[in-house]
Amino acid sequence: MRDYLIAPSILSADFAHLGDEVNAVLDAGADVIHFDVMDNHYVPNLTIGPMVCEALRNNKVLAPIDVHLMVTPVDQLILDFAKAGASYISFHPDATVHVDRSLQLIRDQGCKSGLVFNPGAPLDCLEYLMDKIDVILLMSVNPGFGGQKFLPSTMKKLEQVRQLIDDSGLPIRLEVDGGIGVDNIREIANAGADMFVAGSAIFNSPDYSATINTMREELGQHPIKNH
Ligand code: DX5
Ligand code: ZN
């Protein structure tokens with residue numbers, strides 16, 4: 001069985017109580033905090049930046065923070081988020097001119113590097129980049145908003161990327177983002193994913209712990225006790 005990670009997206013959290021919301025999902029057993037950064041340019045929405053990431057670290061959040069950049073350009077924000085305490089930093093290849101350089105920049109800061117592919121984006125740039133990537137993130141909705149429906153075309157893409165990762169022999173995570181909930185997480189895992197972003201499915205549920213535990217049961221993992 002794969003080692004699965006559940007990453008609640010704080011995009012759907014109550015921003016008026018962000019620190020408490022993050023602590024609540026971590027207490028409920030989340031593995032990673034997914035942090036969506038939008039610039040009203042690469043995507044039609046505007047969210048949070050490095051100051052908020054740093055504030056979470058200053059509020060004693062020790063869990064990995066998975067920064068998903070939906071911004072262009074990316075290089076300065078890579079530096080800023082690394083300084084702010086990000087653990088993973090992922091960007092979309094069409095948001096930077098020199099993809100290889102931006103990936104290296106992330107690792108040079110001591111963070112895990114990720115490339116994100118929109119539903120309509122081809123995967124061909126992966127061919128020469130696999131050894132520079134720690135996580136491949138497939139969007140299963142068009143980026144910009146929480147609460148959208150999972151696009152079924154993602155399944156085939158997940159299978160393709162799982163094959164690429166297995167063929168490479170490299171320890172690359174396969175993350176998927178958008179429209180994931182208790183009803184489809186098993187099927188998505190079967191297609192090859194091992195890291196699951198879920199925003200509305202967790203934060204819009206009445207009991208974060210129950211929702212995360214149900215996801216783990218679907219994945220065949222033992223529910224994690226509150227820590
Ligand atoms: C969308 C974001 C997602 C979003 C997922 O652009 O990248 O992380 O928060 O939200 P749900 O799980 O509600 O689809
Ligand atoms: Zn995201």
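This is a predicted model: local features need pLDDT of at least 70, side-chain atom pairs count only at pLDDT 80 or more; totals for chains, interfaces and linings use all residues.
Residues are numbered from 1 along each chain as its sequence is written, with chains lettered from A and ligands numbered from 1 in the order in which they are written. Local features need pLDDT of at least 70, side-chain atom pairs count only at pLDDT 80 or more, totals for chains, interfaces and linings use all residues, and side-chain values use heavy atoms, with hydrogens and water left out.

**Exercise 1. Describe the site of the zinc ion (ligand 2).**

Step 1. Find the protein donors (N, O and S atoms within 2.8 Å of the metal, or 3.2 Å for Na, K and Ca; water is not among the atoms, so sites may look incomplete). They are His-34 (NE2), Asp-36 (OD), His-68 (ND1) and Asp-177 (OD), 2.1 to 2.3 Å from the zinc ion.

Step 2. Read the spacing along the chain. It is H-x1-D-x31-H-x108-D. His-34 in strand S2 (residues 33-38) and His-68 in strand S3 (residues 65-70) are 34 residues apart, so the pair links distant parts of the chain. Strands are DSSP runs of E, at least two residues; helices are runs of H or I, at least four; both are numbered from the N terminus.

Step 3. Check the geometry. The six donor atoms make angles of 69 to 170°, and the site is octahedral (six donors, opposite ones over 155 degrees apart, all others between 65 and 115).

Step 4. Check burial (under 20% relative accessible area; exposed is over 50%, partly exposed in between; 1.4 Å probe, protein chains only). His-34 and His-68 are both buried.

**Exercise 2. Trace the salt bridges around Arg-162.**

Step 1. Apply the cut-off: a side-chain nitrogen of Lys or Arg within 4 Å of a carboxyl oxygen of Asp or Glu. The structure holds seven salt bridges.

Step 2. Pair Arg-162 with Asp-166. Their closest N and O atoms are 3.0 Å apart. Both residues lie in helix H5 (residues 154-168), four residues apart, about one turn of the helix. Asp-166 is partly exposed, at 43%.

Step 3. Pair Arg-162 with Asp-194. The closest N and O atoms are 3.5 Å apart. Both residues are buried.

Step 4. Join the partners. Shared partners put Asp-3, Arg-162, Asp-166, Arg-173 and Asp-194 into one network.

Conventions
Four donors count as tetrahedral if all angles lie between 85 and 135 degrees; four count as square planar and six as octahedral if opposite donors are over 155 degrees apart and all others between 65 and 115; anything else is irregular.
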